[in-house]
Amino acid sequence: MDKPVFVLVDAYSTGNYLPHAFHDINATVVHVQSTPELLPTMLAPDLENFEANIVHRSIASTCEELRHFKPLAVLAGQESGVNLADALSEAMGLMTNGVHLSPARRNKYLMIERLRMFGVRTAQQLKTTSVAEARKWVGELGDKAYVVKPLSSASTDGVFICSQVSELNHAFEYILSSRDIFEHSNTEVLVQSYLAGTEYIVDTVSSCGHHYICGIWRYQKIDLPNGKRIYDKDILVSHEEPIAGELADYVRSVLDCLNISHGPSHAEIIMTDTGPTLVEIGARLNGNMHPQYHDQCLGHNQAYLTALAYASPIRFVEEYGGQSYRLRMPAVVLNTATLHEGTVKGFNQHAIDKIRKLDSVYSLSVKYSIGKSLKPTEDLLSSPLRVFLTGSTYEQIFQDCETIETKKDEIYTLHA
């Protein structure tokens with residue numbers, strides 16, 4: 001009997017875990033590359049894990065090539081594949097989130113406007129190309145701070161928190177003169193009211209409109225010397241905390257508003273004085289997802305649940321639909337920052353081993369390879385180390401985090 005076939009569009013970054021998840025349920029996968037060349041800004045798909053790689057040229061030609069494999073579903077491997085996966089799945093008559101709201105699942109302005117239409121709590125916002133219009137708008141807004149960012153990007157790329165006109169001018173100049181991490185030119189700027197409060201990640205997997213909450217993580221942020229704030233730690237929230245239920249209910253309303261009925265999603269939500277409020281949501285895997293680590297801390301992982309939701313939707317709905325995770329072990333993901341600058345010429349294995357031998361360190365990711373330019377951290381993408389930690393108590397984990405902070409700058413040896 002032939003194995004069922006599933007199609008992944010742009011399996012970058014943690015999308016690399018999806019082929020293994022489908023293989024584990026005795027399925028095979030085909031890759032669709034949305035661009036003529038692979039994007040250089042993200043970890044590339046390992047094409048050896050796929051039955052074939054199809055370079056997309058048009059909906060008609062790609063569908064024709066895919067029909068040869070008789071796929072059961074088409075889904076996004078990462079953010080850049082969301083719109084194309086929607087279009088291909090709809091064109092082929094497969095389970096789909098559809099193209100009608102596809103732009104609102106990528107464009108942050110349209111996303112918030114869609115939620116506002118249905119009375120879901122949101123930030124105030126302005127989309128513009130004019131810094132003068134933005135200055136007028138923030139003056140009328142009257143807030144002490146506001147957020148300026150591209151319409152469609154990820155990983156804190158091009159995000160500025162401003163309180164002065166000079167900061168607003170710099171943010172506009174930077175965004176409009178740059179490309180996002182998916183290599184698209186930024187032609188407009190999004191200005192939003194600042195949401196004060198603690199920020200959370202809510203990861204989900206859905207099938208046929210039934211949503212499962214895979215995990216909720218609380219962000220801890222630090223201020224950098226350049227004035228930016230970056231994610232420092234992701235701290236797994238116990239399912240028993242009252243806030244977990246409130247966040248789960250809110251994100252389910254967001255998923256329904258955006259017609260995310262199938263597949264994974266990764267939401268960032270701030271708990272404000274008036275309640276949960278969306279920063280943004282992506283219809284794709286969490287970029288910090290680590291299957292074995294999540295299996296240990298949560299009893300499952302988002303990649304496996306995604307494969308199950310597409311391959312066995314009835315089973316998924318029966319076992320997971322409408323439910324939420326249970327915390328098994330405390331967990332923290334640490335993304336370190338650096339002030340150092342230079343070209344990487346090697347690594348201090350002794351320092352690496354010292355970190356890896358800490359009791360709560362599950363996995364250490366040294367993100368820069370030899371020959372790469374290390375610069376002072378300015379966002380999540382330029383963080384030099386990612387450490388996954390778990391243990392019996394959060395006290396132990398945080399002690400190990402402090403030790404890592406004292407060792408982190410010993411990892412890389414640099415050419416000045």
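**Close-up views of a predicted model**

**View 1. Cysteines without disulfides.** The count of disulfides in this predicted model comes to zero. Cys214 is in no disulfide, and its nearest cysteine sulfur, belonging to Cys297, is 14 Å away. A disulfide calls for two cysteine sulfur atoms within 2.5 Å. Cys297 is likewise in no disulfide; the nearest cysteine sulfur to Cys297 is that of Cys401, 13 Å away. With a relative accessibility of 4%, Cys214 counts as buried. Cys297 also counts as buried, at 1% relative accessibility.

**View 2. The largest cavity and its lining.** By the rule applied here, the model contains five cavities of 30 Å³ or more. The volume of the largest cavity is about 120 Å³. Its lining is made up of 15 residues, and those nearest the centre of the cavity are Leu75, Ala76, Asp86, Asn97 and Tyr310. At least two lining residues come from each of strand 4 (73–76), helix 3 (82–91) and strand 12 (263–272). Helix 3 provides the largest share of this lining, with four residues. What is the division of the lining into nonpolar, polar and charged residues? Nine of the residues are nonpolar, five are polar and one is charged.

View 3. Strand 14 covers residues 331–335 and is mostly covered, with five of its five residues buried. In a regular strand, side chains alternate between the two faces of the sheet. In strand 14, Ala331, Val333 and Asn335 point one way, Val332 and Leu334 point the other way, and all are buried. Strand 14 pairs with strand 11 (residues 229–236) in the antiparallel sense, over three bridges. Within this pairing, Leu334 of strand 14 stands opposite Lys233. Strand 14 also runs antiparallel to strand 18 (residues 385–390), and five bridges join these two strands. Here the bridge partner of Leu334 is Val387, in strand 18.

View 4. Strand 15, residues 342–347, is joined to strand 17 by two bridges in the antiparallel sense.

View 5. The structure holds ten aromatic pairs. One of them is formed by Tyr219 and Tyr231; this pair is stacked, with 3.9 Å from centre to centre and 10° between the planes. The pair links distant parts of the chain, as Tyr219 belongs to strand 10 (residues 210–223) and Tyr231 to strand 11, twelve residues apart.

View 6. Elsewhere, ring pairs link Tyr212, Phe316 and Tyr320 into a cluster.

**View 7. Two loop residues with positive phi.** Asp10 is a residue other than glycine with a positive phi, near 60°. Asp10 sits in the loop between strand 1 (5–9) and helix 1 (17–24). Its relative accessible area is 0%, so Asp10 is buried. Cys208, also a residue other than glycine, has a positive phi near 55°. The place of Cys208 is the loop between strand 9 (198–207) and strand 10. At 47% relative accessibility, Cys208 counts as partly exposed.

Conventions. Residues numbered from 1 in each chain as written. Predicted model: local features only at pLDDT ≥ 70, side-chain atom pairs only at ≥ 80, totals over all residues. Heavy atoms only, no water. 1 Å grid on protein atoms, 1.4 Å probe; cavity = no way out; pocket = protein on both sides within 12 Å on 5 of 7 lines; lining within 4 Å. Points joined across faces, edges and corners; volume = space filled by probe spheres on them. Nonpolar A, V, L, I, M, F, W, Y, C, P; charged D, E, K, R; others polar. Pairing = 2+ DSSP bridges. Buried < 20%, exposed > 50% of the residue type's maximum accessible area, 1.4 Å probe, protein only. Phe/Tyr/Trp six-rings, centres within 6.5 Å; stacked < 30°, edge-to-face > 60°.
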